[in-house]
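Open the model in your viewer and keep the sequence panel beside it. This tour goes stop by stop, with something to select at each one.

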Amino acid sequence: MGLRGLLCVCLVSLLALQAVAAQGSPTRSPKGGKKRMAVDAAVDGVVIRSLKVNCKVTSRFAHYVITSQVINSADTAKEVSFNVEIPKTAFISDFTISTADENAFTGDIKDKVTAWKQYRKAAISGENAGLVRASGRTMEEFSIHVMVGPRSKATFRLTYEEVLRRKLMQYDIVIKVKPKQLVQLFEIDVDIFEPQGIRKLDVEASFLPKKLAAQLIKKSFSGKKGHVLFRPTVSQQQTCPTCSTTLLNGDFKVTYDVNRDNACDLLVANNYFAHFFAPQNLTKLNKNVVFVIDISSSMEGQKVKQTKEALHKILGDMRPGDYFDLVLFGSAVQSWKGSLVQASPANLEAARNFVQQFSLAGATNLNGGLLRGIEILNKAQQSLPELSNHASILIMLTDGEPTEGVTDRTQILKNVRDAIKGRFPLYNLGFGHDVDLNFLEVMSLENNGRVQRIYEDHDATQQLQGFYEQVANPLLRDVELLYPQEAVSDLTQHRHKQYYEGSEIMVAGRIADHKLSSFKADMRAKAEGQEFMTTCLVDEEEMKKLLRERGHMLENHVERLWAYLTIQELLAKRMKLEGKEKANVSAKALQMSLAYQFVTPLTSMTVRGMADQDGLEPIIDKPLDDSLPLEMVGPRKTFMLAASQPAPTHSSLNIEKVPDQVTGVDTDPHFLIHVPQKEDTLCFNINEEPGVVLSLVQDPDTGFSVNGQLIGNEAGSPGKHEGTYFGRLGIANPATDFQLEVTPQNITLNPGSGGPVFSWRDQAFLRQNEVLVTINRKRNLVVSVEDGGTFEVILHRVWRGSAVHQDFLGFYVLDSHRMSARTHGLLGQFFHPFDYKVSDLHPGSDPTKTDATMVVKNRRLTVTRGLQKDYRKDPRHGAEVTCWFIHNNGDGLIDGVHTDYIVPDIF
């Protein structure tokens with residue numbers, strides 16, 4: 001394969017795009033610049049003819065279309081890549097690839113269950129399922145590689161949609177421009193239509209000198225319309241007159257806001273309405289705020305340093321009329337004052353000293369810390385009438401999971417709900433990746449707040465302070481937006497505990513037929529010292545005028561804005577529900593996702609007419625929040641368009657479902673051997689010292705091996721046999737230079753050569769030649785070797801009530817029929833058929849168990865009928881498996897003696 005040049009446009013509110021390089025055209029020098037030489041920007045015969053980003057915004061609803069045309073001018077087929085970054089909050093709604101012969105390969109959105117059944121092989125293998133992956137903090141990256149025939153072209157077109165949210169007085173569109181090369185026809189076109197009128201429109205380009213930016217970026221706004229156009233010629237992209245490199249490398253930022261002269265920002269089109277509520281000129285409410293801070297030992301280092309820095313700055317922003325307190329929780333819970341105090345200069349200085357001096361302590365009593373903070377706010381509201389009109393806010397910061405006090409998540413959720421009782425919002429900040437963000441999000445949603453991840457990075461202090469700035473200035477509390485019941489239906493959220501300066505409340509719904517004349521909006525809230533009340537009516541003539549100006553786009557965007565908000569709220573609501581209620585909400589969200597053709601967590605997009613060398617079609621999914629970026633999950637396969645693709649070949653990679661029978665080793669270590677010829681299971685233990693490495697699987701024909709190192713139970717009782725467990729596994733396939741080291745903390749690919757390290761918090765698909773690794777977050781990983789076996793590693797975490805006080809691993813065999821007949825090891829020797837006979841069943845020394853005589857491998861053994869556990873589906877409790885237990889370290893069943901299987905190291 002030839003060199004691939006990559007074109008990348010990253011839009012923080014838009015996208016990033018990569019493709020193979022475009023051929024340059026003759027260039028002209030910009031005014032006042034030096035004469036520039038014509039350059040050839042083609043790479044390996046591949047030209048990007050054009051790359052256009054078109055964004056149309058209608059009343060905060062943004063519709064994006066990214067189009068790129070690629071030409072292969074070579075006499076052989078070439079690979080091109082199309083990569084687009086979109087916000088995590090956006091929904092993909094269309095994707096098409098068209099060719100020179102006018103063939104079109106179009107995405108088809110269907111429910112995820114149907115798509116994954118139809119393309120199960122692709123979804124499990126991870127080679128092409130989930131073409132969208134997480135990319136940084138706020139983005140998702142769509143990536144696809146396609147072979148383009150000789151002297152041919154392909155046009156990519158991706159559409160996605162989102163609602164722009166107002167923060168700190170403006171709507172932001174940040175475009176990270178990074179083409180890495182010259183582009184022949186490069187264009188960013190942003191068209192904005194806001195019925196209230198545009199108050200401001202600004203553009204910045206960090207990669208252009210201000211004077212050049214003023215020449216190249218065209219910006220205009222008047223009344224309802226705003227427009228930004230960036231269309232640099234090839235010569236204007238060059239870093240120097242003779243260079244083929246580009247100066248387009250940085251942020252292209254568009255910000256705007258609308259007029260707020262009229263409090264009634266109400267839009268109606270085609271029986272749908274959108275109501276935008278952001279009243280101005282209100283007096284800021286004083287607030288009662290309690291900060292609940294995790295000081296467990298895991299906050300050590302930069303996290304506690306940055307938390308203290310952020311608290312110092314936040315305390316400096318408190319207003320004299322505010323009241324506050326601080327609660328710290330580790331193993332124990334402590335508060336600074338135990339009640340709210342006024343933000344006087346003396347109290348703020350004392351609080352800063354308290355923050356500077358506190359130290360970390362123990363585990364994570366999250367439940368206790370939250371309940372103490374809630375108690376302080378509740379007591380203040382009940383006992384101090386002068387504080388009852390303040391806006392109360394609870395902010396909690398944690399970096400881990402509850403490990404002290406009440407640790408059951410369901411119980412914690414109930415305790416917090418019962419304590420707050422809807423009186424004030426709870427905002428949860430999850431620091432780093434060890435937190436259970438879903439748990440924190442459910443808790444916030446149940447208590448009128450929201451969750452935000454704070455990333456472990458150099459700017460964590462600014463992230464914390466930035467979040468606080470969004471809630472630092474409440475203007476209204478107990479906000480209700482009310483509409484006539486007989487006239488409206490399917491309302492989105494229209495009650496909010498608080499409204500903050502610089503933000504906006506958005507409500508959408510449907511208006512019944514012939515009810516427009518009776519439609520109105522009543523706004524009620526509590527402001528500083530008074531009730532806030534206003535009513536909005538629909539100006540039908542103004543609506544007709546808007547329709548004439550914006551036409552079908554207005555009708556379409558208002559309806560899709562309602563659909564987008566409704567689906568987002570249903571997806572959030574289902575997180576809080578269980579059983580039938582959750583199923584009903586999920587069904588409604590799915591129905592709307594399909595009706596409006598959005599790729600959501602409940603739907604998938606498949607693209608017919610394209611396939612890789614194994615005949616698998618691409619699948620586009622909404623990635624998990626914690627999934628890994630594309631560069632961390634190994635190389636992608638290349639898809640071939642139907643006109644040029646060879647007949648699909650059958651993939652020999654076939655990952656089986658988890659079998660009902662079990663062969664593996666788990667806990668102290670108990671070996672389970674399923675014997676299919678007997679439809680029964682044999683079991684034995686190996687008693688060895690911590691640190692010993694045992695050979696589990698060894699295939700001398702291929703060199704494939706699995707070795708495991710034992711660890712001890714940290715809390716073993718004196719005088720008793722110390723339990724040992726597998727704490728380190730080494731899986732190697734020398735034929736492909738593959739090594740995988742697995743511990744309860746990390747998964748390391750090729751540790752000897754400094755390969756990437758993953759944690760059990762990651763969700764990832766890794767492929768190295770013939771070996772595929774699937775990491776399932778916080779649960780297990782599956783290793784599949786082409787023309788070999790498939791194996792599963794189970795993660796066991798310490799939990800309250802567990803007899804084991806150290807995290808450890810279990811190892812199971814899912815498929816071994818392709819392993820060679822010479823495969824050996826404590827497990828490997830049983831991969832191929834063997835026979836045994838059991839007779840003379842009689843009571844054993846334990847009258848509750850049956851002993852018997854077993855003849856196996858020409859040996860006569862006394863065995864005992866017993867129970868072991870299979871932990872694949874339930875790592876905490878397991879499922880019981882009956883087996884014949886072979887005593888004395890498997891003596892007589894295994895070849896040789898157990899010490900023959902001790903090896904020097906895991907590789």
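**Stop 1: a helix and its cover**

Select helix 11 together with what covers its buried residues: strand 2, strand 11 (186–193), strand 16 (265–269) and helix 12 (552–574) are included in that cover. Contact here means heavy atoms within 4.5 Å. Helices (H or I, at least four residues) and strands (E, at least two) are DSSP runs, numbered from the N terminus.

A word on the source: this is a predicted model, where local features need pLDDT of at least 70, side-chain atom pairs count only at pLDDT 80 or more, and totals for chains, interfaces and linings use all residues. Residues are numbered from 1 along each chain as its sequence is written, and side-chain values use heavy atoms, with hydrogens and water left out.

Now pick out Met-543, Leu-546 and Arg-550, the buried residues of helix 11 (residues 540–550). They sit on the same side of helix 11, because they cover an arc of only 60 degrees around the axis. That arc is taken from the directions from the helix axis to the C-beta atoms. An α-helix has 3.6 residues a turn, so residues three or four places apart point the same way. Buried means under 20% relative accessible area, exposed over 50%, and partly exposed in between (1.4 Å probe, protein chains only).

Turn to the face away from the buried side. Exposed Glu-541 and Arg-548 are there.

Check both ends. At the start of helix 11, a side-chain oxygen of Asp-539 comes within 3.3 Å of the backbone nitrogen of Glu-541. Just after helix 11, Gly-551 has a positive phi of about 65 degrees.

**Stop 2: two loop residues**

Select Ser-59. Which loop holds Ser-59? Look between strand 2 (46–58) and strand 3 (61–72). Ser-59 counts as buried because its relative accessibility is 3%.

Next, select Thr-667, in the loop between strand 35 (664–666) and strand 36 (670–675). Thr-667 is not a glycine, yet its phi is positive, at about 50 degrees. With a relative accessible area of 12%, Thr-667 is buried.

**Stop 3: the second largest pocket**

Select Thr-663, His-674, Pro-676, Ser-816 and Phe-831. Of the 18 lining residues of the second largest pocket, these lie nearest its centre. The pocket holds about 390 Å³ of space. Strand 48 gives the most to its lining, with 3 residues. By class, the lining has 10 nonpolar, 7 polar and 1 charged residues. Ala, Val, Leu, Ile, Met, Phe, Trp, Tyr, Cys and Pro count as nonpolar, Asp, Glu, Lys and Arg as charged, and the others, Gly among them, as polar.

On a 1 Å grid over the protein atoms alone, a pocket is an open set of points with protein on both sides within 12 Å along at least five of seven lines; a cavity is a set where a 1.4 Å probe fits but cannot get out; lining residues have an atom within 4 Å of a point.

**Stop 4: the largest cavity**

Select helix 5 (302–316). How many residues does helix 5 give to the lining of the largest cavity? It supplies 4 residues, the largest share. Residues lining this cavity include Phe-291, Leu-397 and Tyr-468. The largest cavity holds about 110 Å³ of space. Its lining has 11 nonpolar, 1 polar and no charged residues.

How values were computed: Polar contact = N/O pair within 3.5 Å; in protein donor to acceptor, adjacent residues only side chain to side chain. Points joined across faces, edges and corners; volume = space filled by probe spheres on them.
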